[in-house]
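Good morning, everyone, and thank you for making time for this short talk.

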Amino acid sequence: MKCPYCDKEMIAGYIQSSGHIYWSENIRKVVGIPPRKNCMCISDNTGMGSGHMAKAGCCKECRKIIMDI
């Protein structure tokens, strides 16, 4: 995948966590509780013991991470 900012090739990889990863419009005070509105879960459960992840490309030049949701 090409970086949309500098047009260099991005490095394929994953964003990982032991729990779901959420995007939210607001900063949440308690991050362990799933948000109820104005949010989107961006991670998939990969199976027992391996946590949650989402595929993402990383541009080290621009310091950007791009992912499909």
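Predicted model: local features only at pLDDT ≥ 70, side-chain atom pairs only at ≥ 80, totals over all residues.

Let me give a few overall values before turning to single residues. The protein has 69 residues, and buried residues make up 17% of them. Its accessible surface comes to about 5700 Å², and carbon and sulfur atoms hold 53% of that surface. If we take the contacts with a separation of 6 or more, residues 24 or more positions apart account for 46% of them.

Now let us go to histidine 52, which you will find in strand S5, the strand that covers residues 52-59. Is histidine 52 buried or exposed? Its relative accessible area is 9%, and because buried means under 20%, histidine 52 counts as buried. Leaving aside residues up to four places away in sequence, histidine 52 touches Ile15, Gln16, Ser17, Ser18, Gly19, His20, Ser43, Asp44 and Asn45.

Histidine 20 is partly exposed, with a relative accessible area of 41%. With the same exclusion of residues up to four places away in sequence, histidine 20 touches Cys41, Ser43 and His52. Histidine 20 and aspartate 44 are 24 residues apart in sequence, while their C-alpha atoms are 7.3 Å apart in space.

Let us move on to charged side chains, where the structure holds two salt bridges. In one of them, the side chains of lysine 2 and glutamate 9 meet at 3.9 Å, N to O, and glutamate 9 is partly exposed at 49% relative accessibility. In the other, the side chains of glutamate 61 and lysine 8 meet at 3.4 Å, N to O. What does this pair of glutamate 61 and lysine 8 tie together? Glutamate 61 lies in the loop between S5 and strand S6 (64-66), and lysine 8 lies in the segment before strand S1 (11-17), so the pair ties together parts that are 53 residues apart in sequence. Glutamate 61 counts as exposed at 55% relative accessibility, whereas lysine 8 is partly exposed at 43%.

Aspartate 7, in the segment before S1, has a positive phi of about 70° although it is not a glycine, and its relative accessible area of 53% makes it exposed. Arginine 63, in the loop between S5 and S6, also has a positive phi without being a glycine, here near 60°, and arginine 63 is exposed as well, with a relative accessible area of 74%.

The largest pocket has a volume of about 190 Å³. It is lined by 14 residues, and those closest to its centre are Ala54, Lys55, Ala56, Met67 and Asp68. Which strand gives the most to the lining of the largest pocket? That is S5, which contributes five residues. Sorted by class, the lining of the largest pocket has eight nonpolar, three polar and three charged residues.

Note on methods: Residues numbered from 1 in each chain as written. Heavy atoms only, no water. Helix = DSSP H or I, 4+ residues; strand = E, 2+ residues; numbered from the N terminus. Buried < 20%, exposed > 50% of the residue type's maximum accessible area, 1.4 Å probe, protein only. Contact = heavy atoms within 4.5 Å. Salt bridge = Lys/Arg side-chain N within 4 Å of Asp/Glu carboxyl O. 1 Å grid on protein atoms, 1.4 Å probe; cavity = no way out; pocket = protein on both sides within 12 Å on 5 of 7 lines; lining within 4 Å. Points joined across faces, edges and corners; volume = space filled by probe spheres on them. Nonpolar A, V, L, I, M, F, W, Y, C, P; charged D, E, K, R; others polar. Areas by Shrake-Rupley, 256 points an atom, 1.4 Å probe, with all protein chains shown as cover.
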